[in-house]
Amino acid sequence: MNIQNAQKQVDDWIQNHGVRYFNELTNMAQLTEEVGEVARIIARRYGEQSEKESDKNKDLGEELADVLFVVLCLANQTEINLQDAFEKKLDIKTKRDHDRHHNNKKLK
């Protein structure tokens with residue numbers, strides 16, 4: 001599946017199961033909430049914080065998918081072709097960062 005197909009799947013889901021998209025500000029708040037849930041799992045499972053019993057069954061993949069879903073909603077409602085934007089960004093990063101990362105002594 002490519003990003004463009006994922007955007008269409010999200011739009012189809014909204015049309016068939018939702019009433020409408022939440023407005024952009026609400027979706028931005030949702031995105032922040034979902035990223036916070038990812039951060040909590042990462043901090044407790046892979047970081048130095050102890051993992052609470054209530055967090056041990058949380059699925060990191062599901063939480064990342066929640067983040068992706070809201071990002072795709074925001075792209076749809078702001079008329080962004082995320083496939084094109086991602087490919088453009090990857091090209092920029094490739095040209096800009098290849099030598100910089102290979103020459104970064106901190107990454108060796």
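Modeller: Here is a short tour of the whole chain, then the close look you asked for, and then a few residues around it.

This is a predicted model, in which local features need pLDDT of at least 70 and side-chain atom pairs count only at pLDDT 80 or more, while totals for chains, interfaces and linings use all residues. Residues are numbered from 1 along each chain as its sequence is written, and side-chain values use heavy atoms, with hydrogens and water left out.

Let us begin with the overall picture. The protein has four helices and zero strands, where helices are DSSP runs of H or I with at least four residues, strands are runs of E with at least two, and numbering goes from the N terminus. Followed along the sequence, the pattern is α-α-α-α. The C-alpha trace spans about 50 × 45 × 25 Å along its principal axes. Its radius of gyration is 17 Å, whereas a compact globule of 108 residues would come near 13 Å; that radius is taken over C-alpha atoms, and the globule rule is 2.2 Å times the number of residues to the power 0.38. Of the 108 residues, 22% are buried. Here buried means under 20% relative accessible area, exposed means over 50%, and partly exposed lies in between, with a 1.4 Å probe and protein chains only. Among contacts (heavy atoms within 4.5 Å) with a separation of 6 or more, 62% join residues 24 or more positions apart.

Now for the close look, at helix H1, which covers residues 3–17. One of its partners is helix H4, residues 82–102: the two pack at an angle of about 150°, with axes 7 Å apart. The axes are lines fitted to C-alpha atoms, for helices over the stretch in contact, and the angles run from 0 to 180 degrees between N-to-C directions. H1 is therefore roughly antiparallel to H4, since angles over 145 degrees carry that label, while those under 35 are roughly parallel, 65 to 115 roughly perpendicular and the rest oblique.

From H1 come Ile-3, Ala-6, Gln-7, Val-10, Asp-11, Trp-13 and Ile-14, and from H3 come Phe-69, Leu-72, Cys-73, Ala-75 and Asn-76. By class, this contact has nine nonpolar, two polar and one charged residues.

With a relative accessible area of 48%, Phe-22 is partly exposed. Apart from its neighbours within four places in sequence, Phe-22 touches Asn-27 and Gln-77.

Glu-33 is partly exposed at 44% relative accessibility, and Glu-37 is partly exposed at 30%. The C-alpha atoms of Glu-33 and Asp-66 lie 9.8 Å apart, although 33 residues separate them in sequence.

Finally, between H3 (60–77) and H4 there is a loop with Glu-79 in it. Glu-79 is exposed, at 74% relative accessibility. Its phi is near 60°, a positive value in a residue other than glycine. Most residues other than glycine have a negative phi.

Technical notes
Nonpolar A, V, L, I, M, F, W, Y, C, P; charged D, E, K, R; others polar.
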